[in-house]
Amino acid sequence: MQRLGASILIAALVLSPLPAAALGSTDTGSTGTTPEAQVFSDAELDVRRLVINPTAAPDTSVAVNFSAPPAAGYDIELEHPDGTVDAIPTEQDGFYLIKHTWHAELTGLRPDTAYRYRVVRDDLDEESAAGPDSGAGDWHSFTTAAAGAADFDFLYFGDAQEGLRDAWPPVVDAGFEAVPEARLSIHAGDMVNWAPIQMEWDDWFAGLGENAADRLVMPVPGNHETYGDSRMRYFRMNFALPDNGATDETSYYYDYQGVRFVGLDGNRDLEAQVAWLDEVLTDNPHDWTVVTMHQPIFSSAVGRDEPEARAAIGPVLQEHDVDLVLQGHDHTYARGYVDEDATETPGVTSGPVYVISNAGPKHYQQQPIDDNTWTQNGATQVVRHGQVSTYQRIAIRGCELEYTSVIGAKGSNPTTDLGVGEVLDQFSIDRCGEDKLVTDGPIADDGRAPEDQNPDEDPRPGEEVPSEDPTPSDDDPTVAPTGDASPAPDDPETAAPTPDPTTDPTASPTTDPKASPTAGPSDAPDEEQPGREDDEDDEGTDPGQPGDDRSDGDRSDDPPRTEPRGGNGTEGGEDSGGDRGTLPRTGAEAGTALGVGAALIVLGATALILRRRLG
């Protein structure tokens with residue numbers, strides 16, 4: 001009994017998640033010159049996931065986000081071009097005793113100007129003399145956006161999700177090595193496989209490396225950022241994004257050198273985002289518009305379809321003649337257009353260009369070329385490929401845009417003979433004349449030849465659902481906030497059996513060698529996910545979807561869909577957050593977290609008292 005009481009007491013103190021809201025935000029330091037700090041490195045300070053994100057005004061500000069161990073606090077030292085240094089206080093996002101995330105916004109900057117910055121651990125005593133644990137990390141640099149339109153390049157990556165230590169780094173490295181002048185990178189969701197696993201986030205950021213610390217990173221949440229974390233706490237804690245969207249930090253926009261970039265959250269509150277998106281695009285003063293979302297308007301993988309996103313978001317994209325719609329989710333490559341945007345000239349269209357890409361080692365089978373989500377909804381695939389991982393370079397050159405997709409890796413049975421490093425797809429957009437023209441570039445292999453159609457791919461379509469829910473952290477004992485859970489496997493509406501590789505020939509193991517599940521999804525309480533339908537996630541909860549264990553894509557016995565994904569922000573109880581889809585940025589809500597911690601402490605204390613009285 002005594003051991004049990006002590007164990008419960010320790011578990012309560014160490015593992016209870018306490019959000020920053022419960023403790024008050026941590027403001028450290030002050031603007032101005034700081035005392036001399038010992039010089040260390042980011043590695044010695046255990047600063048990880050260092051990333052700079054766009055703000056609503058990237059020409060005069062930038063956001064910094066990172067994770068680090070507990071300390072009195074951290075500052076960002078900002079070195080100006082004249083050599084003066086300011087100390088900008090950080091705010092603590094999450095409090096998990098073992099690991100924190102911190103962010104700061106660096107403001108008052110000059111457009112198109114290079115700056116240096118570093119993280120400083122701020123353990124200072126009352127006399128403001130440097131304490132023994134104070135120290136500064138590595139210097140990093142960035143350049144602010146120009147005040148007006150100017151040429152620049154950026155990179156776009158699809159899903160990484162798996163193989164974060166071995167498969168993801170070569171693809172992202174190849175992208176930045178090919179485009180060293182890239183000013184920012186776009187990531188179309190599913191950065192990780194299980195959002196609460198801290199090691200996966202460490203590995204994803206490690207793959208980006210210095211490119212995350214020196215260039216703007218623009219992510220949007222995929223469905224895997226909701227898996228085990230329906231409120232997307234971990235996504236929002238790992239980035240510091242503009243809070244100017246219909247959903248807190250999961251939809252947003254910013255302007256960069258003549259381009260309006262818009263990030264959408266395809267997981268929830270689609271109707272609320274429609275009105276907001278229409279307003280953002282109506283008020284766009286720039287020639288170029290790039291919209292990013294995870295779930296594609298026109299799906300390309302067997303069993304995949306997103307009718308709610310297509311019905312809600314698609315008309316707005318068409319009406320405002322968006323230039324690029326960059327997507328992920330389907331683990332294939334596809335590029336095309338809506339048929340009404342065809343012209344009389346072969347290879348030339350107008351209107352938005354819809355792209356799906358994949359940066360990781362997971363691959364799905366393509367839908368048939370003559371009967372797919374595109375053809376069924378008045379759209380055409382110009383290029384389509386399976387079993388390829390790619391990176392995309394987009395170059396803005398005045399009134400012209402150049403797009404190039406390059407093969408970064410190939411699966412076991414790719415649909416092209418092109419090699420790694422070769423161009424898979426390219427096109428240009430010309431806005432110099434009265435009408436916008438989209439012209440196909442030289443395409444060596446469009447993937448539309450008969451021999452390319454649905455070869456016997458390995459793995460077959462279908463995402464392997466881990467039979468057990470991994471612990472929230474592998475090498476970092478951060479715990480998932482109370483209440484986040486996957487659908488319980490005993491729910492007949494959402495359950496999908498995990499295949500036995502010894503009996504199911506279509507089953508294929510995960511390509512991520514580090515995955516080692518240790519606890520089942522049913523270990524956590526079932527939780528309704530606001531603004532989305534649980535059985536539409538691709539974690540194998542909808543029979544016949546790529547998320548289940550069936551390889552034929554037959555959906556004849558699908559359960560009826562009773563509510564659309566997205567919704568109007570009024571469904572889902574307290575999680576819907578009203579009209580703006582408001583979600584807490586950090587951890588579990590203070591009341592829930594403190595209540596659970598207090599209950600465990602009382603239970604442990606009671607056990608110790610009973611042991612003493614009975615002993």
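Guide: Start at Pro296, in the loop between strand β16 (288-292) and helix α9 (307-312). Helices (H or I, at least four residues) and strands (E, at least two) are DSSP runs, numbered from the N terminus. A word on the source: this is a predicted model, and residues are numbered from 1 along each chain as its sequence is written. Local features need pLDDT of at least 70, side-chain atom pairs count only at pLDDT 80 or more, totals for chains, interfaces and linings use all residues, and side-chain values use heavy atoms, with hydrogens and water left out.

Is Pro296 buried or exposed? Pro296 has a relative accessible area of 0%, so it is buried. Buried means under 20% relative accessible area, exposed means over 50%, and partly exposed lies in between (1.4 Å probe, protein chains only). Now look at what touches Pro296. Leave out residues up to four places away in sequence, and the list is Glu306, Gln327, Gly328, His329, Asp330 and Ile356. A contact here is heavy atoms within 4.5 Å. Leu326 is 30 residues from Pro296 along the chain, and their C-alpha atoms are separated by 8.3 Å.

Next, go to Gln318. This residue sits in helix α10 (residues 314-319). Gln318 has a relative accessible area of 18%, so it counts as buried. Gln318 touches Val338, Glu340, Asp341, Pro352 and Tyr354, again not counting residues up to four places away in sequence. Gly351 is 33 residues from Gln318 in sequence, and the two are 6.8 Å apart in space, C-alpha to C-alpha.

Now try Gln387, in the loop between β21 (379-385) and β22. Its phi is near 60°, a positive value in a residue other than glycine. Gln387 has 1% relative accessibility, so it counts as buried. Asn413 lies 26 residues away from Gln387 in sequence, yet 6.3 Å away in space, C-alpha to C-alpha. Asn413 belongs to the loop between β23 and β24. With 26% relative accessibility, Asn413 counts as partly exposed.

Glu249 also has a positive phi, about 60°, although it is not a glycine. Find Glu249 in the loop between α7 and β14 (252-256). At 10% relative accessibility, Glu249 counts as buried.

How many disulfides does a search of the whole structure find? The search finds 1. A disulfide is a pair of cysteine sulfur atoms within 2.5 Å. Cys399 is joined to Cys432, with 1.8 Å from S to S. Cys399 lies in the loop between β22 (388-397) and β23 (400-410), and Cys432 in the loop between β24 (423-430) and β25 (437-440), so the pair ties together parts that are 33 residues apart in sequence. The torsion about the S-S bond of Cys399 and Cys432 is about 80°, so this disulfide is right-handed. Cys399 is partly exposed, at 29% relative accessible area. Cys432 is partly exposed too, at 44%.

Now the helices. Helix α4 (residues 168-178) packs with helix α5 (residues 198-208) at an angle of about 30°, and their axes are 8 Å apart. That makes α4 roughly parallel to α5. Axes are lines fitted to C-alpha atoms, for helices over the stretch in contact, and angles run from 0 to 180 degrees between N-to-C directions. Under 35 degrees counts as roughly parallel, over 145 as roughly antiparallel, 65 to 115 as roughly perpendicular and the rest as oblique. From α4, the residues Trp168, Pro169, Val172, Asp173 and Phe176 meet Asp203, Trp204, Gly207 and Leu208 of α5.

How covered is α5? Mostly: 10 of its 11 residues are buried. Among them are Trp201, Trp204 and Phe205. The cover over the buried residues of α5 includes β2 (48-53), α4, β12 (184-187), α6 (210-214), β13 (216-219) and α7 (233-238). Just after α5, Gly209 takes a positive phi of about 60°.

Finally, step back. The chain has 11 helices and 25 strands. Of its 615 residues, 58% are buried. Take contacts in the chain between residues at least 6 apart in sequence: 76% of them join residues at least 24 apart.
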